[in-house]
Amino acid sequence: MSFLFVDCILERDAGKRAVGVKYISLNDSFFNCSKQGAKPELSPSIVAEALGQLAAWVAMEKFHFAIRPVGGTVSDITISGSAKIGDKVFLESHIEVLDETMMVFSGKATVDGKEILSVRKALAPMLPTDLFIECKEAKKQFENIFQSDKQAESSSHGRSSFHSNQFCFYDQFTECSDEGLVGKKTLLPEAFYFADHFPKKPVFPFSLLLDCYMNAAKYYLKRHLGLSGRVSSTRIRKAKIYHFIEPKDTFVTKLISKGKKGDAYHFSFETTVEGKKVSGAEQVLFQLES
Amino acid sequence: MEKEELEAIYPQFKAIIADALVVDEEEIELDKRLIGDLGAESIDFLDMRFQIEKEFKVVIKQGEIEQKARQLLGDEKFEAESGFLTPRGLEVLKQILSDVPSEYFKDEMKVSDIPSLLTVRTFCRLICEAQKETQEVLQG
């Protein structure tokens, strides 16, 4: 199993932009299944992760893999569609700022020409690659991304089989009330994503934390408000990771319900590890299909 | 820094702080410290730097204050071996950060404590100085 999501880079301009592809196959991880009998959908946070990884590859290339972007903040993620098994997701990432200290990028993912997700102004500090993974190893991973579209497609069918979104659920929810709820999760060191993220310094991926937030909001809508309709669109605004969350850490997320404004349900999140604030998201908006 | 200069920068910078730190603009005051009073983390400084660059077309370099002090005094006179500022180093720092209320300085300070001194007003001044430098360069 791998936590690398760009199957192929079709176009690239080091340090500036890239176009890539992610094939969704039954052998992928992180599926959500919203309706019985419906095709499983790739978790949107993984699509956002793929856009981030695409930008990261061309940012690293510019600096000869000596520094790399890690974690950071995102101003806005808008989820307007989904990627299902068999879909070919086109990824486009544009780097707005890149220097020795930070990378800022925006991007969008499309399926059959229709936008399914966009990321606006995601900022990540540039840190020494060696802290996280050997530079040579990072370069090798980059070179292994298939430059040929066909090769990448056939390879996606051969991935090891494991599909579940259990990684993005809290172990326990407590204090569910009109104000919100509290979720708690302990990270198992053997969780597969730590191997790629990252070999020398495993840290919990920001994208999976965002997935946890979305799952907590869905749980709250269903269990506390009795709403189980399909989510038609989601927006995450001003999400940040302040400090890394590491294997064996137990993180506690406080979801605060901000009520219904217009036709969307608003939430904010704050996550702590041993009382220290490690992440937050100002707004997560859910619009349900009527 | 002239009052008019401050007034030209402060409202826009206030909006940047509010956005980056997710605080209400009403909470922001000129002499509040970004770290101690407004809760800024290192990632927030990057975020603000990006927004300052975009809005004001100037670059505020990381560690600019420390660099200035070191240039004035030289490394050895600025910092003792243990990472603490020398008495002369502290004096120079107070001069450079003359807009920071004196009660924010401690008798014994580490170089790594410098960011914790920075106030909203300090940043407004840094932006103003950077704008002037850019103008000078453009005018040759």
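In the predicted model, Lys200(A) forms a salt bridge with Glu134(A), the closest N and O atoms lying 3.4 Å apart, where a salt bridge is a side-chain nitrogen of Lys or Arg within 4 Å of a carboxyl oxygen of Asp or Glu. This pair links distant parts of the chain, 66 residues apart, with Lys200(A) in the loop between α4 (193-196) and α5 (206-223) of chain A and Glu134(A) in the loop between β9 (114-128) and α2 (135-144) of chain A; helices (H or I, at least four residues) and strands (E, at least two) are DSSP runs, numbered from the N terminus. Lys200(A) is partly exposed, with a relative accessible area of 42%, and Glu134(A) is likewise partly exposed, at 44%, given that buried means under 20% relative accessible area, exposed over 50% and partly exposed in between (1.4 Å probe, protein chains only).

Because the model is predicted, local features need pLDDT of at least 70 and side-chain atom pairs count only at pLDDT 80 or more, whereas totals for chains, interfaces and linings use all residues. Residues are numbered from 1 along each chain as its sequence is written, chains are lettered from A and ligands numbered from 1 in the order in which they are written, and side-chain values use heavy atoms, with hydrogens and water left out.

Over all chains, a search of the whole structure finds 22 salt bridges. Among them, Lys3(B) pairs with Glu7(B), with 3.8 Å between the closest N and O atoms, and both residues lie in helix α1 of chain B, four residues apart, about one turn of the helix. Lys3(B) counts as exposed at 57% relative accessibility, while Glu7(B), at 48%, counts as partly exposed. In helix α7 of chain B, Arg125(B) forms a salt bridge with Glu129(B), the closest N and O atoms being 3.0 Å apart, and these two residues are also separated by four positions, about one turn of the helix. Here Arg125(B) counts as buried at 12% relative accessibility, and Glu129(B) is partly exposed at 25%. Salt bridges that share partners also join Lys121(A), Lys240(A), Asp44(B) and Asp47(B) into one network.

The two helices of chain B that hold these pairs also pack against each other. The axes of α1(B) (residues 3-21) and α7(B) (residues 120-139) come within 9 Å and cross at roughly 120°, where axes are lines fitted to C-alpha atoms, for helices over the stretch in contact, and angles run from 0 to 180 degrees between N-to-C directions. That angle makes α1(B) oblique to α7(B), since angles under 35 degrees count as roughly parallel, over 145 as roughly antiparallel, 65 to 115 as roughly perpendicular and the rest as oblique. Residues making the contact (heavy atoms within 4.5 Å) include Leu6(B), Ile9(B) and Phe13(B) of α1(B) and Phe123(B), Ile127(B) and Gln131(B) of α7(B).

Elsewhere in chain B, helix α3 (residues 64-73) has Glu64(B), Ile65(B), Ala69(B), Arg70(B) and Leu73(B) buried, and what covers these residues includes α4 (75-78), α5 (87-96), α6 (114-117) and α7 of chain B. Just after α3(B), Gly74(B) takes a positive phi of about 90°.

In chain A, Lys16(A) is placed in the loop between β1 (8-13) and β2 (17-23) and is exposed, with a relative accessible area of 52%. Lys16(A) touches Ser93(A), His94(A) and Ile95(A), not counting residues up to four places away in sequence.
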